[in-house]
Every structure is written in C-alpha cells, then in structure tokens.
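The following paragraphs are an explanation of the structure shown here, intended to be read beside the sequence and the coordinates.

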Amino acid sequence: MRAIPLTIGLLLLMACHTSQPAVTVTSTHKRAKNIVLLIGDGMGLTQLTAGLYANNNHLNLERFPVIGLHKAYSANDLITDSAAGATAFACGQKTYNGAIAMGTDSLPLTTILEQAEDRGMATGLVATSTIVHATPAAFIAHNKLRQNYEDIAVDFLKTDIDYFVGGGEKFFNARTLDDRDLVKELRSKGYTVSDFRQNDLGRIVLNKQMKFAYFTADEDPPTASQGRDYLPLAADKGVRYLERRSETGYFMMIEGSQIDWGGHANNTQYIIREMLDFDEAIGRVLNLAEKDGETLVIVTADHECGGFSINYGSKMGKIEGKFTTDGHTGDLVPVFAFGPGAERFGGIYENTAIYDKMVQALGWND
Ligand code: MG
Ligand code: ZN
C-alpha cells in the first residue's frame with residue numbers, strides 16, 4: 001500500500017528533474033535533414049480521385065498526415081504553366097509562364113537545389129519526361145524559355161548534381177547548337193552514365209563515391225501503359241543512394257511528368273495509369289522516410305490539367321471522366337506532407353510558400 005505513493009513521489013521527482021529539457025515539448029519544429037519533393041505534373045484533386053477509385057479505393061497519398069492547398073497562378077497569368085509553377089517551388093518567386101528559374105526581369109534566380117549543393121547536401125532529379133523539360137529544368141537550369149532544351153542540358157554540366165534519371169539524351173549527345181557531347185563531358189566530370197539501350201538501371205550498383213546519370217529515352221520516355229516502369233525504381237534507388245552520398249542530407253525532386261499529358265490528351269485511362277505509377281513512387285519514398293525519421297516528403301502538383309471531372313456513370317473501379325479544356329486550369333492544387341516540418345504545410349497559401357516552408361523546415365533561416 002505504501003509503495004504506491006512512494007512510486008508517485010519518485011515519478012514526480014524524476015519529472016521535476018527533467019523539467020528543463022522538457023521545454024522541447026514544442027519540438028513540432030524538428031529540423032528536416034532531407035527533402036524529397038514529388039511533383040505530379042497536372043495532378044489536380046480529380047486526377048488523384050480518379051487514381052484512387054480506379055485502384056480499389058486505395059492510394060499511398062492517404063498515408064500523409066498533413067494536407068494543404070496552394071494558389072498556382074503565375075506572375076503573368078491566372079493559369080500557370082509548368083515552368084512558372086516549378087520555378088515557384090524551386091526559387092520561391094512567381095514568374096512568367098515559360099521561364100526556367102528566372103524572374104520577371106529575366107535574371108536568374110537561385111534554386112533550392114543549387115542552395116542545397118552549396119551547403120554540401122547531395123541532390124537528385126528524376127522525371128518521366130525528358131530531364132530538360134520544364135519541371136526538372138527549373139530546379140537546375142536558368143533560361144528565358146523552357147523550349148531551349150539544349151541550353152538547359154548545358155546547365156546540368158555547370159552543377160554538381162549527384163543523381164539524375166529521365167529522358168532527352170539527344171539534347172546531350174546529338175546536339176544541333178554545337179558539337180559538344182555532354183554525355184562524354186559528364187563522364188569526364190566523374191559521372192557513371194548509362195541509358196535505355198543498356199536497360200540496366202536496376203542492375204547498376206551505386207556506391208557513394210559515384211555520381212550517376214541515366215537516360216531513359218532519346219526524347220520523351222514512353223507512357224506507363226506502353227510499359228514504362230522506371231519511376232518507382234529510380235525514386236527508391238535515388239533516395240537510398242543520396243542518403244549515403246552526403247552526411248549533410250539531400251534534396252531530391254521526383255516528377256510524375258505525364259499525368260499532365262493525359263490531361264492534355266483528355267484521356268482518362270492515361271491519367272489513371274500515370275497517377276498510379278506516380279503513387280507507387282510516392283509509396284516507395286514514404287517507406288524509406290518512415291524508417292529514417294529525418295526526411296520531409298512533400299507531394300504536390302504545379303497545376304491541374306484538363307478541367308477533369310468525374311461524372312455520373314462512373315463506378316468504383318470504372319471512372320467516366322469529362323474534360324472542359326485540353327489545357328491547364330486555375331484550380332487550387334493539393335499539397336501533402338510527411339515527416340519533420342510537415343505541419344507547416346497545412347492551410348491555403350501561395351505556390352511560392354512551398355519553397356519558403358522547405359527552407360524553414362531545413363532550418364536554413366535559423
Ligand atoms: Mg513537368
Ligand atoms: Zn501541361
């Protein structure tokens with residue numbers, strides 16, 4: 001009987017003793033060591049709803065504890081394109097449609113990937129478009145115009161990016177602007193480079209001394225329904241490698257590029273296949289982030305595409321999609337966050353705030 005008050009007394013004593021460090025109860029702002037930003041190009045709320053109901057009412061996106069919405073408009077249009085959209089995430093500034101990490105004054109803006117490199121972090125980019133396409137380009141290149149693919153390819157050589165996987169090899173090694181062979185130049189900069197001809201992405205073993213570039217196509221990679229299946233693999237492989245590559249942490253952007261192209265094509269099945277491929281990559285990244293506890297994972301889109309809606313006649317497992325346009329729309333765009341700093345991503349905010357919140361989560365302003 002007397003043992004009970006004694007135990008309580010002891011607990012109180014211990015509680016008093018530890019009361020000072022217990023101030024860290026406000027540790028909701030634990031710093032993120034690593035960031036993986038996953039962008040589903042053109043992935044509005046309806047695109048992910050279609051993926052969800054086409055997939056037996058299940059998505060990895062349901063595993064995220066924090067959800068927000070961002071305002072995607074660009075500096076010169078209520079309807080953004082992917083270049084201005086990605087520049088907002090990468091640089092924290094609204095710019096004009098078509099600009100690759102440049103402001104409205106056409107001066108280059110420093111990207112979060114470049115800042116991460118400067119701080120000794122490892123960096124990576126993965127896309128299911130060409131790697132010089134607007135979304136990945138805005139994290140690493142600077143150009144007035146998104147279509148200047150060969151110039152954008154040259155910008156890759158000006159950086160120390162550790163890992164990139166995507167299409168568009170011809171912009172590196174079959175150039176029309178000059179005679180440079182950027183694949184050769186990558187190799188002489190210390191990169192291990194391979195491509196879809198070798199088809200050895202899964203077999204190549206990466207050690208932390210290597211840098212790695214892999215081209216999945218000469219131009220645009222195939223669609224998921226044509227058999228393209230490298231996105232989950234490239235995401236998983238990249239996270240595991242970047243984790244080992246730098247003790248300072250890493251920044252990685254992974255894009256499901258073709259959800260957007262399904263929207264432009266007004267093709268519901270195209271959207272669903274690309275959405276589920278992207279969701280599988282999300283699941284692989286989440287599995288790793290759950291284990292390490294120091295990685296902030298963010299999933300969002302640059303904009304919606306197609307004015308996509310799910311209409312009467314749709315059933316669980318069979319979506320009847322309708323479209324209002326073959327272009328982008330101005331809808332608010334969902335944001336999902338997991339890991340240290342995730343709580344910052346609840347609410348409604350500008351697309352540029354995603355950059356600000358990433359920087360805050362990394363503690364760069366502290
Ligand atoms: Mg894109
Ligand atoms: Zn688009």
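A residue is called buried when its relative accessible area is under 20%. The model discussed here is predicted. At 0% relative accessibility, glutamate 255 falls into the buried class, and aspartate 41, with a relative accessible area of 2%, is buried as well.

Strand S1 is itself mostly covered, with seven of its seven residues buried. In a regular strand, side chains alternate between the two faces of the sheet. In S1, Asn34, Val36, Leu38 and Gly40 point one way, and Ile35, Leu37 and Ile39 point the other way. S1 runs parallel to S7 and is joined to it by six bridges; within this pairing, isoleucine 39 has glutamate 255 as its bridge partner. Six bridges also join S1 to strand S8 (residues 295-300), again in parallel, and asparagine 34 stands opposite threonine 295 there.

Helix H6 (residues 149-157) is largely enclosed by the rest of the structure, because seven of its nine residues are buried. These are Glu150, Ile152, Ala153, Val154, Asp155, Phe156 and Leu157. They pack against strand S3 (122-130), helix H5 (134-137), strand S4 (163-167), helix H7 (170-173) and helix H8 (182-188).

Definitions and conventions
Residues are numbered from 1 along each chain as its sequence is written. Chains are lettered from A and ligands numbered from 1 in the order in which they are written. This is a predicted model: local features need pLDDT of at least 70, side-chain atom pairs count only at pLDDT 80 or more; totals for chains, interfaces and linings use all residues. Side-chain values use heavy atoms; hydrogens and water are left out. Buried means under 20% relative accessible area, exposed over 50%, partly exposed in between (1.4 Å probe, protein chains only). Helices (H or I, at least four residues) and strands (E, at least two) are DSSP runs, numbered from the N terminus. Contact means heavy atoms within 4.5 Å. Two strands pair if DSSP finds at least two bridges between them.
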